[in-house]
Amino acid sequence: MSGHGQVVCVTGASGFIASWLVKLLLLRGYTVHATVRDPNDQKKVEHLLGLEGAKERLHLFKANLMEEGSFDSAISGCHGVFHTASPVPFAVNDPQADLIDPAIKGTINVLTSCKKFSSIKRVVLTSSMAAVLFTGKPQAPEVVVDESWFSDPELCKEPIMSISMWYRISKTLAEDAAWKFCKENGIEMISMNPGMVIGPMLQPTLNGSMALFFSCVNGAKTFPNAAFGLVHVKDVATAHILAFEVPSASGRYVLVETVAHFSEVVRILQELYPSLPLPDKCADDKPFAPTYQVSKEKVKSLGISYTPFEVTLKETVQNLMDKGLLSFKCD
């Protein structure tokens, strides 16, 4: 499907996944209404304005998650909406005000705007594996996680290394609220639930998942005792677009190429880049957190072919070097 003649809105357009979404949508011929908090903040929007096709088909809109009606002008005239905007869990002083309220109320505000315009065919929500994994079911190498898993907000509160409890809760509650709102208001929505997203950044500054990865390749003494589902950012953005374009797409999609413990990530990076100052021990003395499997069956129906894990790691490290964040020379 070509995007020519199609107008779509991408919320939180300066973010990691959203920037790739904007890039790929423009390349497919879409006209993109991109929302940001401040269209005049050149540091946040310059990389978007420089994308191929941006001059002709990218329009920036100011919008705030906590302001009802704030997204009306951006969504007006659109055929689809990609809601990626969500608060970043850095330095949260008041979890309810800084993370949970913006995630839930922001999502409802965007959907309320969608409800006003009959031109909207489909909404694609960026959720997270955080809204999938915490069900109370065991996680083990033989366990296969699929789209039927939905996190319990109470279980999200259990301490897990390197994953913000409040982030897990916010993503779970926001997705749950979105499904209820869409069911009540006849909005067709699809939820994309990626694991830890890494890969080349288009935006100039580190986002949450890339900051965690960066900390492990930039002189950290220890690596987290945690297993993550990992996936390339371009694959995540492509999956979002296909979820909008493929008529039969529906429900939720889990997006994970590989599940690996951080020790395995470090091992591969040591082989690829012997000069990287990688951690050589775990953050605690407990048994390693178990890996698990994530089903790829449903996402295959969209036509996704994942980037291999080792390629993703290479592209991630190279991007950090290109941006001058890794200042030493890799072998």
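Predicted model: local features only at pLDDT ≥ 70, side-chain atom pairs only at ≥ 80, totals over all residues.
1. Ground rules. Local features need pLDDT of at least 70, side-chain atom pairs count only at pLDDT 80 or more, and totals for chains, interfaces and linings use all residues. Residues are numbered from 1 along each chain as its sequence is written, and side-chain values use heavy atoms, leaving out hydrogens and water.

2. The sheet. Three strands form an open sheet in the order β8-β10-β12, and the pairing is mixed. β8 (196-198) and β12 (258-261) are the edge strands; each has a single partner, so one side of each lacks a neighbour in the sheet. Neighbouring strands are turned by 40° against each other on average, direction ignored. Strands here are DSSP E runs of at least two residues, helices are H or I runs of at least four, and both are numbered from the N terminus. Pairing takes at least two DSSP bridges.

3. The β8 pairing. β8 runs parallel to β10 (residues 227-232), with 3 bridges between them. V197 has V231 of β10 as its bridge partner.

4. The helix. α9 (residues 262-272) packs on this sheet and touches β8, β10 and β12. Contact means heavy atoms within 4.5 Å. The direction of α9 makes about 95° with that of β12. Axes are lines fitted to C-alpha atoms, for helices over the stretch in contact; angles run from 0 to 180 degrees between N-to-C directions.

5. Cysteines. With a cut-off of sulfur atoms within 2.5 Å, the count is 0 disulfides. For C78, the nearest cysteine sulfur is that of C9, 5.2 Å away.
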